[in-house]
Each structure stands twice: as C-alpha cells, then as structure tokens.
Amino acid sequence: GRVIDFRLGDAGRALEVQLQGAKSLPENVAADMLILYCLAYLGRRAEVAEMLERRVVARPGIGSNKDEMSPCFDIAALQAAVLAGHRRAAELLMRRLASSSIRTGGLWLTTCVGRHLGGAAALLGRHEEARKHYQEAIKVCAEIKFRPELALTRLQLAELLLEHYPKERAEALEHLDFAIAEFRDMKMQPSLERALRHKEILKA
C-alpha cells in the first residue's frame, strides 16, 4: 500500500496500524513516538497530554547530559505538544532541542526541527523567537529541497505575521500564497484547507 504520510492526512490509518501492533509488544520508544504523533494530528488532546506528562514532564533529568531519550522521540513530542497546546512540555522540549545541532528528524521522522521550535515559541508567546526559528527553518528546507516542510513553515510564518505583525501583511500574504500553491501541487489536503481558511478570513 501507499506509504503513510501525516501531511496527506493519514494519521488515523497510521494510529490504527500501530495500536494493533502494540497489543502484542511491550512499551517502547518507537511505538510511543508514532502513537503520540498520530494522536496529536487527530486532535486527541487529553491522550496527548497524558503521554507528554508521562514521557516528557515527569522524565528525570530531561535536557541534561544524563538524558538518553532519542532526539527523534523528542522531535515528535515537541510537535505533539505544539498541536495539543501543552505549554510545559513544549518549553522543556524546546530548551532541549534548541541547543542541539539537529536540523531534521532523519529517516524515522521526516520533518524540520526549526518549524516545531517556531511553533513552540509561538505557543509560549515568544513571537520574535518564533519568527527567527521559522526563518532558519525556511533556510534549511530550501537548502536541502525539503518541499513539504518548506510549505508548512511558510504557512506557520504567515499565521504568525497575520496574528502578531499586522504591518507585515504583504509578507504574510506572500508566504500564504506560496504555501497554498505548494499544498495544491503536492495534494496536501489538510494543510491546503488550513491555508485557504486564512484567505477566506482575509477576504471577509
């Protein structure tokens, strides 16, 4: 079958597959990572919060030299924290990942870390910091030709500018129009619908 891609709206199918497999396996980081990721995309905030409290907030020594948790898990957890609005987990994970040199999630999690750092900063009300993370993410995505993540980052930057930088509406619209065209071409329907909602609001 087709490879599962969250950007195409496959979170429900991925979660069903993973939960079926988890019934016969002990708890492990890889399984938790995918389950958390899927729950966040599906908007199941209470379940996401429970996992983040257990796997992030209550984790001894998070961010210290003794923290041996996989960075890949923490990248997924950061994205889940942003999607679910879990500020405490977002802050802890942002502190851990912002000081590292990791720029992408690698083969296990094909995403751009800077985009999620930007989302975390925005969630925490640090708008200038968020903008800098998004700008860095755009640079990284352009350099490695990471097309889906570039479009998603420019959408999130557009959202930040529209909400908090009203004098920079022209730049926001440029990012938004770029993202819409890319989402259409790549058939990223959930993200396309999100971007188009902003256009409708601006027209009203």
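Predicted model: local features only at pLDDT ≥ 70, side-chain atom pairs only at ≥ 80, totals over all residues.
The protein is built from 10 helices and zero strands. Along the sequence, its pattern reads α-α-α-α-α-α-α-α-α-α. Of its 204 residues, 46% count as buried. Among contacts with a separation of 6 or more, 61% join residues 24 or more positions apart.

Packing of two helices is considered next. Two packed helices are described by the angle between their axes and the distance between the axes. For helix H2 (residues 29–41) and helix H3 (residues 45–57), the angle is about 145° and the axes lie 9 Å apart. The crossing of H2 and H3 is left-handed. H2 contributes Val-29, Asp-32, Ile-35, Leu-36, Leu-39 and Ala-40 to the contact. H3 contributes Glu-47, Val-48, Met-51, Leu-52, Arg-54 and Arg-55. By class, the residues of this contact are eight nonpolar, no polar and four charged.

Tyr-41 also belongs to helix H2. Tyr-41 counts as partly exposed because its relative accessibility is 31%, between the limits of 20% and 50%. Its side chain makes a polar contact with the side chain of Gln-79, at 2.9 Å. Gln-79 is one of the buried residues of H4. The C-alpha atom of Tyr-41 is also separated by 7.2 Å from that of Leu-83, although the two residues are 42 residues apart along the chain.

Helix H4 covers residues 71–84. H4 has 14 residues and spans 20 Å from its first C-alpha to its last. This is close to the 20 Å expected at 1.5 Å a residue. At the start of H4, a side-chain oxygen of Ser-70 comes to within 3.1 Å of the backbone nitrogen of Cys-72. After H4 comes Gly-85, with a positive phi near 70°.

H4 is largely enclosed by the rest of the structure, because 11 of its 14 residues are buried. The buried residues include Cys-72, Phe-73, Asp-74, Ile-75, Ala-76 and Ala-77. Leu-78, Gln-79, Ala-80, Ala-81 and Ala-84 of H4 are buried as well. These buried residues pack against H2, H3, helix H5 (87–98) and helix H6 (113–123).

H6 is mostly covered too, with nine of its 11 residues buried. Among them are Val-113, Gly-114, Arg-115, His-116 and Leu-117. Gly-118, Gly-119, Ala-120 and Ala-121 are also buried in H6. The cover over the buried residues of H6 includes H4, H5, helix H7 (127–144) and helix H8 (147–164). H6 is followed by Gly-125, whose phi is positive, near 80°.

Arg-126 sits in the loop between H6 and H7. Arg-126 counts as partly exposed, at 32% relative accessibility. With its neighbours within four places in sequence left aside, Arg-126 is in contact with Glu-91, Met-94 and Ala-121. Ala-121 is one of the buried residues of H6.

Thr-153 lies in helix H8. Thr-153 counts as buried because its relative accessibility is 0%, under the 20% limit. Beyond its neighbours within four places in sequence, Thr-153 is in contact with Arg-115, Tyr-134, Ala-137, Ile-138 and Cys-141. Of these, Arg-115 is a buried residue of H6.

Backbone angles at two lysines follow. Most residues other than glycine have a negative phi. Lys-145 has a positive phi, near 60°, and is not a glycine. Lys-145 is placed in the loop between H7 and H8. Lys-145 counts as exposed because its relative accessibility is 72%, over the 50% limit. Lys-187 likewise has a positive phi, of about 60°, although it is not a glycine. Lys-187 is found in the loop between helix H9 (169–186) and helix H10 (189–203). With a relative accessible area of 64%, Lys-187 is exposed.

Definitions and conventions
Residues numbered from 1 in each chain as written. Heavy atoms only, no water. Axes fitted to C-alpha atoms, helices over the stretch in contact; angles between N-to-C directions. Helix = DSSP H or I, 4+ residues; strand = E, 2+ residues; numbered from the N terminus. Left-handed = near helix turned anticlockwise from the far one by under 90°. Contact = heavy atoms within 4.5 Å. Nonpolar A, V, L, I, M, F, W, Y, C, P; charged D, E, K, R; others polar. Expected span 1.5 Å × (residues − 1). Buried < 20%, exposed > 50% of the residue type's maximum accessible area, 1.4 Å probe, protein only. Polar contact = N/O pair within 3.5 Å; in protein donor to acceptor, adjacent residues only side chain to side chain.
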